[in-house]
Amino acid sequence: MIIVPGSSNGPLAYRVAKLTGARLAKVEYRRFPDGEKYVRVLDDVSGEDAVFLQSAALSPDEYLVETFLASDALKDLGARSVTVVLSYFPYARQDERFKPGEAVSLVTVSKLLRSAGADRLVTVDVHRHRVLDMSKLVGIPYVDASAMPLLARYAADAGLVDPGRTVVVGPDAEAEQWAELAARELGAEHAALVKTRLGDREVKVSVTRGVDVRGRDVLLVDDIISTGGTIREASKLLAGLGARRIVVGVTHALLVENALEKMLEDGVEEVFSSDTVPNQTTRVSAAPAIAGALRSLGLAGG
Ligand code: R5P
């Protein structure tokens, strides 16, 4: 197996290579004067199981085009198989036609990945509100790895929460799956709030069933923080319900429009995230989760 890094997240590709004992390929990326992307794989990949790793966050168009070019090139250069690891899978939030005439980007990107030569796909905590079974959509062997147990372990080991008095909370129905995974790691309880999206930046969060956070540590978990609107509304609600402290663990911290500052101003004690989108909140590597997913697909030995 050879790990081929996209230009978005070399350090994560390096960590996955280290953990799996795979070779790390050299790749040249540059732009032509007109802005088009140039990709050149510098290692011999013939007969290899190539794993192309890209975190297509924040410049999704650029990183997706790179992914299509690289996957197709790897196939053409004789790789035995091509596995695409989109440690941040972009365009997943438009997973339905909410208004007539809209493009459903999750479906389009899935189709393009397959047609660009991907034989397998790995994602990390992919956003899936309405599409519960992504493997049908992608049509190739597929694993969605989760960084949630790693994030929960970090919160406990760093003393951010006391597992014995913690409730792990997801800010919406979808996030309940992540709250459950994190809670299992800590042996804690979990709960989910209810979210209604009012616009790109505005959400309303409420409680429908008994969420008892009075005097407890709350670990608020989600797949993505974009503008921080969801976490801000959820944490205001939880503080109002008497939470002792609120810390936030997310897989993909996009942190657009000063999201971090706004969350901290609103009383969140700490925000930490995985290295799928490296920034000042990154504390945990998703590499072990990705390595596990590759193993479960029959790659990376064992
Ligand atoms: C969508 O429901 C996701 O799971 C996140 O909750 C959402 O992307 C967060 O976006 P924002 O930070 O802008 O509220």
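What follows is a short chat about the ligand and the residues around it.

A: Keep in mind that this is a predicted model.

Q: Fine. Where does the ligand sit, then?
A: The ligand is in the largest pocket.

Q: Which elements give two or more residues to the shell around it?
A: Those elements are β11 (194-197), β13 (217-225) and α7 (229-240).

Q: And which one gives the largest share?
A: That is β13, with four residues of the shell.

Q: Which residues come nearest to the ligand?
A: There are 16 residues around the ligand, and the ones that come nearest are Asp222, Asp223, Thr227, Gly228 and Thr230.

Q: What does the polar side-chain atom of Thr227 lie 2.6 Å from?
A: An oxygen atom of the ligand.

Q: What about Ser226, side chain or backbone?
A: Backbone: an N or O atom there is 2.8 Å from a ligand oxygen atom. For Arg197 the atom is in the side chain, an N or O at 3.5 Å from an oxygen atom of the ligand.

Q: How much of the ligand's accessible area does the protein cover?
A: On its own the ligand has 370 Å² of accessible area, and the protein covers 97% of that.

Q: Last one. Why does the ligand lie between domain 1 and domain 2?
A: Because both domain 1 (2-147 + 286-296) and domain 2 (148-284) give residues to the shell around the ligand.

Definitions and conventions:
Residues are numbered from 1 along each chain as its sequence is written. This is a predicted model: local features need pLDDT of at least 70, side-chain atom pairs count only at pLDDT 80 or more; totals for chains, interfaces and linings use all residues. Side-chain values use heavy atoms; hydrogens and water are left out. A residue is near a molecule or strand if one of its heavy atoms lies within 4 Å of it. A polar contact is a pair of N or O atoms within 3.5 Å; within protein, one must be able to donate a hydrogen and the other to accept it, and residues adjacent in sequence count only if both atoms are side-chain atoms. Accessible areas come from the Shrake-Rupley method with a 1.4 Å probe; for residues, only the protein chains shown count as cover. On a 1 Å grid over the protein atoms alone, a cavity is a set of points where a 1.4 Å probe fits but cannot get out, and a pocket is an open set with protein on both sides within 12 Å along at least five of seven lines; lining residues have an atom within 4 Å of a point. A molecule sits in a cavity or pocket if more than half of its atoms lie within 2 Å of its grid points. Domain bounds come from an automatic or database domain assignment.
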